[in-house]
Amino acid sequence: MSWQFNAENENKFQDLLKRYPKKNSLALPALWMIQYQDGWICEDAMKFLAKKLDTSPMDIYSVASFYTMFHLQPIGKYNIQVCKTLSCKLRGSEDIKKHIENRLGIKAGESTKDMKFTITEVECLGSCGTAPCVCINEDYIQNTTPQMIDEILDGLK
Ligand code: FES
């Protein structure tokens, strides 16, 4: 096992450890630290965390794999998340998704070869009133149109 927190995250982890009565309650914030450090959560990192929290790698995996915001494989620099839930579906999210797929030459669930973009279909982003909604990393695009997508992608290239 070679994965480790960087110095900043190790300090944060030690600080948080003092605030949680049960070590394994730290699983979620520690998984976020891992993901912010590497962009995704590899198997070695899960084993590392399990050891730190005195639990099994399977416990950590069960938490990490439950939440779709955790990435268990490398993703592109820009994760384009297209909502596929009802309000967005009714307001054209399928067309938006197809437009993005055509622009980038990949399908949802795939990344571009240069690992710049990943397209992910997600459940409700909590912005149903401004459907269709797309989220790029942590930035929301609301009432999304193909033209808006074109402008954003042009700006990111
Ligand atoms: S249904 Fe798409 S944001 Fe809620």
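D54 is exposed, with a relative accessible area of 61%. This value, like the others in this report, comes from a predicted model. D54 sits in the loop between α3 and α4, where its phi is near 55°, a positive value in a residue other than glycine.

A second residue, N137, also calls for comment on its backbone. N137 belongs to the loop between β3 and β4 (139-141), and its phi is near 50°, again a positive value in a residue other than glycine. N137 counts as partly exposed because its relative accessibility is 34%, which falls between the cut-offs of 20% for buried and 50% for exposed.

Helix α3 spans residues 43-52, and its buried residues are A45, M46, F48, L49 and A50. In an α-helix there are 3.6 residues a turn, so residues three or four places apart point the same way. The cover over the buried residues of α3 includes α1 (7-17), α2 (27-38) and α4 (57-66). D54, with its positive phi of about 55°, comes just after α3.

The peptide bond between A131 and P132 is cis, with omega of about 0°. P132 is part of the loop between β2 (117-122) and β3 (134-136).

At the level of the whole protein chain, the division is into domain 1 (7-66) and domain 2 (78-156). The C-alpha centres of domain 1 and domain 2 are 29 Å apart.

Terms used: Residues numbered from 1 in each chain as written. Predicted model: local features only at pLDDT ≥ 70, side-chain atom pairs only at ≥ 80, totals over all residues. Heavy atoms only, no water. Buried < 20%, exposed > 50% of the residue type's maximum accessible area, 1.4 Å probe, protein only. Helix = DSSP H or I, 4+ residues; strand = E, 2+ residues; numbered from the N terminus. Contact = heavy atoms within 4.5 Å. Domains from an automatic or database assignment.
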